[in-house]
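Some notes follow for a colleague who has the coordinates open.

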Amino acid sequence: MMTVIKFLLSFKTVTWLFLAFIAIMFVGALSLSGNLSFFSGIDETPLFTWLVAAGDSSKTWWIYLLIAMLALLAASTIACTIDALVNRMGTTHLLVKLSPQIMHMGVLFIMLGHLLTASLGFKTDVLVKKNERTAITDTTAIYLADVSVWKDRQGYDGDWAAKIWWYDDSPIIQEKTIRPVHPRYFGQFGVYIKSVTLKPEVSALIRVCRDPGALWALIGGLLLSAGGAGFLLGRFSKQRQTGTGTGMS
Amino acid sequence: MFCSLKFGIGDEGQSILAIFLLLLPAALYIMGLMEGKLGQRLFFAGIVVHSASMIQRGMTIGAIPLTEKHDNISFMAFALALTTGYFSGKKGIKDLGVITLPLAALILIIASTFDPINTISPFLKTPWFTLHIFVYFISYGFFGVSACIGLLYLFSRQPDYEILQYHCAIIGWILLSIALVLGSIWFFIAYGTYWLWTSRELWTTLLWFYYGLYLHARYLRGFSGRPAAVIGVLGFVVALFAYFGIGTIIPAPPTQF
């Protein structure tokens, strides 16, 4: 056990994990851009579902390696954070000392969010015609009541909206209007409008998502940002107190 | 939001004016390399004209001009010039502009090669997107200045420069982290997901991990001197590739930003 903990705490381990992650990411970015049609559906379904369906491990191996590296990085981050909190905390410059650990926790929450999204998420795009009801899941459906389009100064479609009715297992039918960057949420489901067409028939392309990882990723993002801001503020206040350099070395 | 003004000229005239207002500050930044007060004044004039160009674009599109490549690359150069002004003035690195100002001018020239787009997708009309792009390119300003200070260190061997390069990279990296969080929030409210498997996302993540590795090594192990400076300088090369390389050298689905 001590050997494992020492391994995870080792700076050498962290360095090699970072390097391996960067190298795999690099290879992955090249593989992805070289196989655009193969990877075209990767964002349409949760990652793990897509990986199983895609098969062809000669093209997806780097994603499995990235996941393995992230798992090791997460274990190393947890070990380092606990070690820092237990052994290295003093009473002076607490903000500066605590901030990196808050950032680490943020990264861990983001990883947790990605894990939940990749394994338990749900995402589907449906083309719904006006005055028609389209099933989303066994218990949910969308009815498209109306569509509006606004032209911009150049005559292009500048904005659009769809009035929808949302059906689920509750007896109340909810009516909401969705617009780009103005989604609506019904319980666990988020409903987003992608595009609308007026001819030959009025319809809307609507995305319905359930993302159990999003909240964790958001918490992680907030912790990462707060930790980063705290680190900078702490360093600058330390600099003002000591009156030396920028105080960040 | 800016009100939409056309100055009584057509779309083609607007485009020519936009390009002229990028090339003029590029020239002024280069002239800002002159010795003494004159150089400072020309650099300041470059900042003023560059600001005017962004205001002109804002008035043309009726929004903060951070929605497409012409404007974003221009803002990247602006962030680099402003960060240069801060570090030259406040930190007294007089030679910094010798590297950063020609670089800012070059970035402006690149910006001028992209036709300004006057339409804005409704998916970009949210403060989350504007904030994301704003903070993202400010981080590029710090990465750029960090790399240039690193180059100065490699030529002059003044230890202070290497420390300052590291400090600048820390600020850039934290701003990049915040920008990525803001971008995720924007993407989630626009498309229902906070991550995409595209070359651009992978390269941006790679950039984040690259600087993460450099800063961890520097912070925890005191990894410093020439190798650290070189790795820091290369970080900006990665940053430039992450923005300019995708869609040009590396195939990627087209985006307007």
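1. Helix α5(B) is followed by B:Arg157, and the phi of this residue is positive, near 60 degrees. Please keep in mind throughout that this is a predicted model, and that the torsion at B:Arg157 is accordingly a computed value from that model.

2. Helix α6 of chain B, residues 159–191, is where B:Gly172 has its place. Is B:Gly172 buried or exposed? It counts as buried, because 26 C-beta neighbours lie inside 10 Å, and the cut-off for that class is 20 or more.

3. Which residues does B:Gly172 touch, once those up to four places away in sequence are left out? They are B:Ser139, B:Phe142, B:Phe143 and B:Ser146. The C-alpha atom of B:Gly172 is also separated by 7.6 Å from that of B:Ile138, although the two residues are 34 apart along the chain.

4. As to the chain in which these helices lie, the secondary structure of chain B comes to eight helices and zero strands, so that, by the DSSP runs used here, the pattern read along the sequence is α-α-α-α-α-α-α-α. Of the contacts in chain B between residues at least 6 apart in sequence, 77% join residues at least 24 apart.

5. The overall dimensions of chain B can be set against a simple rule. A compact globule of 257 residues would have a radius of gyration near 18 Å, and chain B has 18 Å, which agrees. Along the principal axes, its C-alpha atoms fill a box of roughly 55 × 50 × 30 Å, and buried residues make up 52% of the 257 residues.

6. Chain A is described here by its domains and its confidence. The domain assignment gives domain 1 as 2–121 + 216–242 and domain 2 as 122–210, and the C-alpha centres of these two domains of chain A lie 35 Å apart.

7. The pLDDT of chain A averages 89, with 94% of the residues scoring at least 70. Over residues 244–249 of chain A, however, the pLDDT is below 50, and this stretch has 13 contacts in the model beyond near neighbours in sequence.

Notes
Residues are numbered from 1 along each chain as its sequence is written. Chains are lettered from A and ligands numbered from 1 in the order in which they are written. This is a predicted model: local features need pLDDT of at least 70, side-chain atom pairs count only at pLDDT 80 or more; totals for chains, interfaces and linings use all residues. Domain bounds come from an automatic or database domain assignment. pLDDT is the predictor's confidence in each residue, from 0 to 100. Two residues are in contact if their C-beta atoms, placed from the backbone, lie within 7 Å. Helices (H or I, at least four residues) and strands (E, at least two) are DSSP runs, numbered from the N terminus. The radius of gyration is taken over C-alpha atoms; the globule rule is 2.2 Å times the number of residues to the power 0.38. A residue is buried if 20 or more other C-beta atoms lie within 10 Å of its own, exposed if 12 or fewer, and partly exposed in between; C-beta atoms are placed from the backbone.
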